[in-house]
Amino acid sequence: MITPVPPSPATPAGQSQPSIAIVGASITGPTLALLLHQAGFTRVSVLEAAPTPYAQSGGVIGLDHVSLATLEALGIPQHELVPFPSEHVTAIHITDRRETRRTQFVYPGRNTGWHQLNTALLTRLPAGWLHPGHRVRALHPGDDGTAVLDLTGAAPLHADLVVFADGRRSLGRRLLDPSRSLRYAGYVAWRGQRPEHQPDLCAFTRYEPHTSQFNLFPILRPDGTTALDWTFYLNMSAERFRYLTGDDPTHRTYLLPRQIGAAARTVVLSEAQRLLPPQAAAIMDATSDWNAAPVLDIDPPHRMIHPVGGARAILLGDALAPVRPHTARGANHGIHQAHGLAIALAQHLHHGADLTAALTAWQERCLPAVHHALHLGPYLGAAMGLGLQPTPEPVPA
């Protein structure tokens, strides 16, 4: 059951509205902002480094039922996000580029596209809350007990609470929890959207040759047309990635079309033609613009809440811990965590609940799910022959 976060008609006497700065405007950040708005918070700023956050791109995102219900409670109906409502996943097993068998199961949720979801969130933010083109450079305690965010091209921003929802290469994580650095998992998700989709394809489809995976799902593009979204997971050494892209996979964590040269495209396409059925490889070949994201791992976090002088800073979603895409938990973690955080903050603001106790309890509820997904991801990858193999766990005596 989804616990609502309703606005309270009053704030206890002497209780002032805290100022809250949310860093990052991709799914988790705007979800939290809307939940806070629903709960009656008014002093909220959403800072986004990109000058045009609406123009960013992304692929298919699986949303579980809890996330879908949270979004519906925010006034975002499911039909706005899910034009292709199939819950079925078809796994096609491939040997020597030919189908050997197929299995089907049900995903407990629905698939959407990044652009659909994030546009629905951003367009519902209250006027003046979103600040695009505001890149955070540093965080430090202020003399007045607040946390101070130094911004590029703007005056410093003071906040009682700073929430970092700034993605896999989170500045917040580097500042607050620097011992947990990203590790390359040994394979890359190459992605694209072919303008025409197969009319008979409405379920999420996975081609599964060993040492690779190719996913297909129809998606609605920003211009209202339909495309066939694909992802090709391919093993690649860090050295080969650096040679083809000019950067390290833990630094260049997302490649735009202009950053994928002809050499990289040729190498990846030749592997697709070696591993996949001809019709799957042809979809990649017919796609003009590709994106790519190296798959990454990180050590489990021990905390989400960090003191900054007299203020607090919090890590959410991928900023806390990016998980492998096969777990289907990335966006869901961010939405679930944002929902629980908004409840804790609302209980403090409207009912005088002890803030430290409320936040600590929320943190203790969130961390086990994150640890589970971080543990599960490498084993799911290994089952498909993808990436570096996880270290076997010790056998109990």
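Of the contacts in the protein chain with a separation of 6 or more, 73% are between residues 24 or more positions apart; contact here means heavy atoms within 4.5 Å. This is a predicted model, in which local features need pLDDT of at least 70 and side-chain atom pairs count only at pLDDT 80 or more, while totals for chains, interfaces and linings use all residues. Residues are numbered from 1 along each chain as its sequence is written, and side-chain values use heavy atoms, with hydrogens and water left out.

Next, the overall build. The protein chain has 10 helices and 18 strands (DSSP runs numbered from the N terminus, helices being H or I with at least four residues, strands E with at least two). Buried residues are 53% of the 397, buried meaning under 20% relative accessible area with a 1.4 Å probe, protein chains only.

Strand β3, residues 60–64, has 4 of its 5 residues buried. β3 pairs with strand β6, residues 109–113, in the antiparallel sense over 5 bridges; pairing requires at least two DSSP bridges between the strands. Glycine 62 has asparagine 111 as its bridge partner in β6.

Last, two helices. How do the axes of α9, residues 330–351, and α10, residues 355–383, cross? They cross at roughly 170° and come within 9 Å, the axes being lines fitted to C-alpha atoms over the stretch in contact, with angles from 0 to 180 degrees between N-to-C directions. That makes α9 roughly antiparallel to α10, a label for angles over 145 degrees. Residues making the contact include His333 and Leu341 of α9, and Trp362 and Cys366 of α10.

Methods:
Parallel < 35°, antiparallel > 145°, perpendicular 65-115°, else oblique. Buried < 20%, exposed > 50% of the residue type's maximum accessible area, 1.4 Å probe, protein only.
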